[in-house]
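Subject: A structure for you to look at

Hi there,

Here is the structure I promised to pass on to you. Have a look at it first, and then read my notes below.

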Amino acid sequence: MEPTEPVRVRFAPSPTGMLHLGGLRTALFNYLLARKYGGSFILRIEDTDQKRLVAGATESIIRTLEWAGLRFDEGPGTSGPSGSYLQSQRGDLYRAHATELLEKGAAYRCFCDSKRLESLRAEATLHGRAPMYDRRCAHLSQQQINEKLRTGEPYTVRLLAPNAADPAASDVSGFDDIVHGEMRFRGPAGFDDAVLLKSDGLPTYHLANVVDDHLMGITHVLRGEEWLMSTPKHRALFKAFGWPMPRYAHLPLLMNPDGSKLSKRNRDGPMQSYIDEGYLPSALVNYVALLGWHPGGQQEVYSLKELEGAFTLSGLSRSKSVVSRDRLNWLNRQHLHAGLNDPIRAPAIVAQALGELRQTPGLDAVDISHEAVEGALRLCGDRLTFTRDLHSAAPYLFSDPDSKAPTVPAAAVNKVPRDSKVSILLAFQELLAAEINSVAEGSHTNCAGPERWMDFSQRVALAASVPTKQVMPVLRHVLTGQPSGPKLPDLMGYLPLATMQRRVQAALDSKSSRQ
């Protein structure tokens, strides 16, 4: 099942909308197969259905693939060997190949108008049959065809599907799918006489798909199982041209938790919704890889590089996968924590968090530095699912808590006598003043570092003549306005000394005003 030579694979989306989660999975599995076996990953834009094109969709698809880290070797904007990778610019190729099939007798011109075709469909439906063209035009004489062409009568080009008695029928309607195993379709060859070239001269998906797969040297086709029923048509076309056929792997559908099919209209469908919600690219790629692929073993968290080495075709599953935000959120936490310790990934994570902070209502984040955000993420990372949670999890890292606002301090703070609180604050204020005199000024370096605060509670307790256990809850409440949070020495190592001094003074002023 596994390739023994370099592969050539393609991701071939239609720009009739923005990329969705299932599309990313198809792109990812093709990309991983190419990277695992030293092959080429090709992006081909199948934009022949001009009526359904969405403006900007092609550019959006490319941006999303780049966001996910899936770099294509050939595609739009590259100087690959296949010329243009936009099907709308390859029309002459398709028309030439349609002519070749006509000359071989493997296709025929159909002059039936839409009214007659609709009548055939209605009659088939009335009698409970699958709609199929009746091959009326396949029996036209050459003289009749020439006369229709002379008068300019519009026509399509149809594939002459193999008959049931034709040995070639079993070759095209039955095949071994990498995911589903042996497949065999009912009917003469499992399909109708498909239209290959429309009356406007544009190719249908079936013709353009097969011609391009051959000319681009595609060895493996990994695509959604919605294309499973079209595979006999495609195999028949390969057979008619006399071309070798690629291996096929049809990926099962993605499902909602309620059992319905995931679609681009669902919240969990469009890729842009995941990007807008702040998921990390590495986390989403990791998650999507596990939707229909089982690596074996216990490992769940993978970098893209690890996926490139671990991916196998034998790991593809035929079972449908349910999209779960809980699992994705868990993976995002893992990648957030790991990414902060990765010098390659950390800058992008910090930049994302900084951008989100600057969009936070009511927060003046203009002067917040990259360095400050990186320190904040490291301080709070184990409590974050998203970088966007940073401000809500620890607002005191970016602005002073309101000393006059009613708060709910920890029970330990309420147990400390008022005079002892004042003594603690005054002792800490003196300790801060000494530290300020010994630490150089800087952008965010006007702090003593966590190692300088490891024994601060003992020093403050001794200076204030209070029990050590009273110090930490009082200072946490003054510095953060919250009963819990990061370890206090780590927090104090992060906050600038001047910031802590300002907050202590505000607390003292508040207590003085209440006397």
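**A sheet of three strands**

Three strands form an open sheet in the order β3-β4-β7, and their pairing is antiparallel. Strands here are DSSP E runs of at least two residues and helices are H or I runs of at least four, both numbered from the N terminus; two strands pair if DSSP finds at least two bridges between them. The edge strands, pairing on one side only, are β3 (107-110) and β7 (195-197). On average, neighbouring strands of this sheet are turned by 45 degrees against each other, direction ignored.

Before I go on: this is a predicted model, in which local features need pLDDT of at least 70 and side-chain atom pairs count only at pLDDT 80 or more, while totals for chains, interfaces and linings use all residues. Residues are numbered from 1 along each chain as its sequence is written, and side-chain values use heavy atoms, with hydrogens and water left out.

Four bridges join β3 to β4 (residues 156-159) in the antiparallel sense, and R109 stands opposite V157 in β4. Helix α3 (residues 91-104) lies across β3, β4 and β7, at about 105 degrees to β3. Such angles run from 0 to 180 degrees between N-to-C directions, with axes fitted to C-alpha atoms, for helices over the stretch in contact.

**Around D192**

You will find D192 in the loop between β6 (181-184) and β7. Which residues does D192 contact, leaving aside neighbours within four places in sequence? They are P131, M132, Y133 and A161, where contact means heavy atoms within 4.5 Å. A polar atom of the D192 side chain lies 3.1 Å from the backbone nitrogen of Y133. D192 and L159 are 33 residues apart in sequence, and their C-alpha atoms are 8.5 Å apart.

**The largest pocket**

The largest share, four residues, comes from α1.

Best wishes

Conventions: Polar contact = N/O pair within 3.5 Å; in protein donor to acceptor, adjacent residues only side chain to side chain.
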